[in-house]
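Okay, thanks for making time, everyone.

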Amino acid sequence: MDLEYVSDDYAVTGQITSEDLADLKALGFKAVFCHRPDHEGEDQPEFAQIAKAAEALGMTARYLPVHMPHGATDDDHTAYRAALGATEGPVLGYCKGGGRAKALWKAAQG
């Protein structure tokens, strides 16, 4: 898992698994945001599995999917900003490769 810190309280990465969450918690993350729709790829775990494992560790998990190839909509940006404002960080955003998570964060800064 390659983490890219885009701020002190936000990092992005590609797809994670429930097994990654203990390591993420040890790194100080308090929440994970999933920007990848379920069933986008055959090998991807469903968000419910990630959320259950995160919650068992005392972490927050939010499902904020961005559908490809269209990219983030105005509603996606609004939901992301609301979730970010209501979530204690540090937060890890993930999707297939990290690009959608990074784009949402960048858009929220402007």
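Let's start at G71. G71 touches V66 and D76, leaving aside residues up to four places away in sequence; a contact here means heavy atoms within 4.5 Å. Before I go on, the ground rules: this is a predicted model, where local features need pLDDT of at least 70, side-chain atom pairs count only at pLDDT 80 or more, and totals for chains, interfaces and linings use all residues. Residues are numbered from 1 along each chain as its sequence is written, and side-chain values use heavy atoms, with hydrogens and water left out.

Back to G71. It sits in the loop between β4 and α3 (74-85). Helices (H or I, at least four residues) and strands (E, at least two) are DSSP runs, numbered from the N terminus. So is G71 buried or exposed? Buried, with a relative accessible area of 18%. The cut-offs are under 20% for buried, over 50% for exposed and partly exposed in between, using a 1.4 Å probe and protein chains only. As for A11, G71 is 60 residues from it in sequence and 19 Å from it in space, C-alpha to C-alpha.

Now, the helix I like, α2, residues 47-56. Its buried residues include F47, I50, A51 and A54. Down the axis of α2, the buried residues fall within an arc of 100°, so they line one face of the helix; that arc is taken from the directions from the helix axis to the C-beta atoms. Remember that an α-helix has 3.6 residues a turn, so residues three or four places apart point the same way. And what do the buried residues of α2 pack against? They pack against α1 (21-26), β3 (31-34), β4 (60-63) and β5 (91-94). On the face turned away from the buried side, you'll find the exposed residues A48, K52 and A56. Just after α2, G58 takes a positive phi of about 80°.

Zooming out, the protein has four helices and five strands, running β-β-α-β-α-β-α-β-α from the N terminus on. Of its 110 residues, 43% count as buried. The C-alpha atoms fill a box of roughly 35 × 30 × 25 Å, taken along the principal axes. And among contacts with a separation of 6 or more, 75% come from residues 24 or more positions apart.

That's my tour, so over to you.
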